[in-house]
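User: I'd like to learn how to read helix packing in a model like this one. Can you walk me through it?

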Amino acid sequence: MSVFWRWWTAGTVSSLGTAIGGVALPLTALAVLDASPFQMGLIVAARYAAWIVIGLPSGVIVQRLPLRGTQVGADLARALAVGSVPVAWWLGTLSVTHLVVTALVISFANVLFDVANSTFLPEIVGRDQLQSRNSLTSGTHASTELGGPSLGGLIVQVAGAVPTLLFDAVSYLFSAAMLRGLPARRAARRDTWPPMAEMIREGFSYVVRHPVMGPGMWAATAVNFVCGVHHALFPLYLVRDLHASPGVVGLMLATDGVGTLVGAALTTRLTDAVGTARALLITGGTAAVGALLIAAGDGGAAYVTFAAGNLVFAGSVVVLSVTTRTYRQTESPPELLSRVMATVRFVSWGAIPIGGLLAGAAAGLVGARVTLIAAGVVAVCAPVAWLLSPARGKRDLAEVQL
């Protein structure tokens, strides 16, 4: 098996387990611990909190550490954290606090893994293959998001929410074993390194001042804030507002995977047809439309609008993500790549826990439906960021003067 396909297999199995766990963990909080809306938001916030704490330093840390070892270590930490939940449940000690701590451990491991993983890909595929490989990765992720929630909902109905988390833990162990077989990618060898603060500042300044990467980061921040709201409120909205069963919850959440799969399949065709800059404007607008549609229905129609809105939002977001990620990977100076990726994720992914926390607090006051509609309004900021950028009026991002 080639290096790329071994890397891809590890990520695919891990993503499938994560998608299953993504259904089982909130259902554990709701069904086993009767979590409140704020507690649900707190769990989601903890899952992404590390991007705020170590998001910026992670680029420097990854640059100094072996990439393979960083990914394997993160996988093992995540397996241990997820596996602790069934153990605590069997011992009768499981609590919301335990789920929050578990989410925090996963969060810190995710930060290092994701920065290392995205930095690793340009080393194992050629520059001319990055767009197609990123699209394939997103398409594969979409497939696991499509099948994972449905499978997770089915397993929860048969085995219960907590035992289902074991599938997620095993997937991380498998990923670690596969990645362990990849050739070592050693950290850059230097006798001395500049101070960490100086290296962080250099990467941050590069992104913020860049005429394409800067606006792309702010657009992604708006989208990820909305994603944080969705992560916190989707299970709550489906279970308590729409009275959906675990199986239906899994089916509804799987529409995210359908949208992502469609978006991944169309990304290259869309950018080739209309250009990368225009594609970002178009899909920024459709993402906002999808977000506004999610909680617009009543009665039986609520399931239809939820599924349609989730599909459109997810499909649009994957085009935004693949296009901007490929641009960063190809246009960033190699010595800055890990810091560029970390900076963008620090700012944009840092919005996810904020969105989750605010959503949990707001839903307790005005309800999940109203909060989800408000999140749709925030999604409008994504196309606005591109409209106010130098990319406006251009066909391709490459036409923007640096």
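This is a predicted model: local features need pLDDT of at least 70, side-chain atom pairs count only at pLDDT 80 or more; totals for chains, interfaces and linings use all residues.

User: Which residues of α15 are buried?

Analyst: Ala-368, Thr-371, Leu-372, Ala-375, Gly-376 and Ala-379 are the buried ones. Looking down the axis of α15, you'd find them within an arc of 155°, so they line one face of the helix.

User: What do the buried residues of α15 pack against?

Analyst: They pack against α9, α11 (276-293), α14 (351-366) and α16 (381-387).

User: How do I read the span of α15?

Analyst: Compare its end-to-end reach with what 1.5 Å a residue would give. Helix α15 covers residues 368-379, 12 residues in total, and its first and last C-alpha are 17 Å apart, close to the expected 16 Å.

User: And the nonpolar core: which members touch the most others?

Analyst: The largest nonpolar core has 107 residues, and Trp-7, Leu-233, Tyr-237, Leu-238, Phe-313, Trp-386 and Leu-397 touch the most other members. Helix α9 (residues 213-241) supplies the largest share of this core, 14 residues.

User: Take Leu-233. What is it in contact with?

Analyst: Skipping neighbours within four places in sequence, Leu-233 contacts Ala-359, Ala-363, Ala-368, Thr-371 and Leu-372. Ala-368, Thr-371 and Leu-372 are also among the buried residues of α15.

User: Where is Asp-396, and what does it touch?

Analyst: Asp-396 sits in the segment after α16. Its side chain makes a polar contact of 3.0 Å with that of Arg-395. Not counting residues up to four places away in sequence, Asp-396 touches Thr-271, Gly-275, Thr-276 and Ala-277.

Technical notes
Residues are numbered from 1 along each chain as its sequence is written. Side-chain values use heavy atoms; hydrogens and water are left out. A nonpolar core is a set of buried Ala, Val, Leu, Ile, Met, Phe, Trp, Tyr and Cys residues joined through side-chain atoms within 4.5 Å. Buried means under 20% relative accessible area, exposed over 50%, partly exposed in between (1.4 Å probe, protein chains only). Helices (H or I, at least four residues) and strands (E, at least two) are DSSP runs, numbered from the N terminus. Contact means heavy atoms within 4.5 Å. The expected span of a helix is 1.5 Å times one less than its number of residues. The arc is that of the directions from the helix axis to the C-beta atoms. A polar contact is a pair of N or O atoms within 3.5 Å; within protein, one must be able to donate a hydrogen and the other to accept it, and residues adjacent in sequence count only if both atoms are side-chain atoms.
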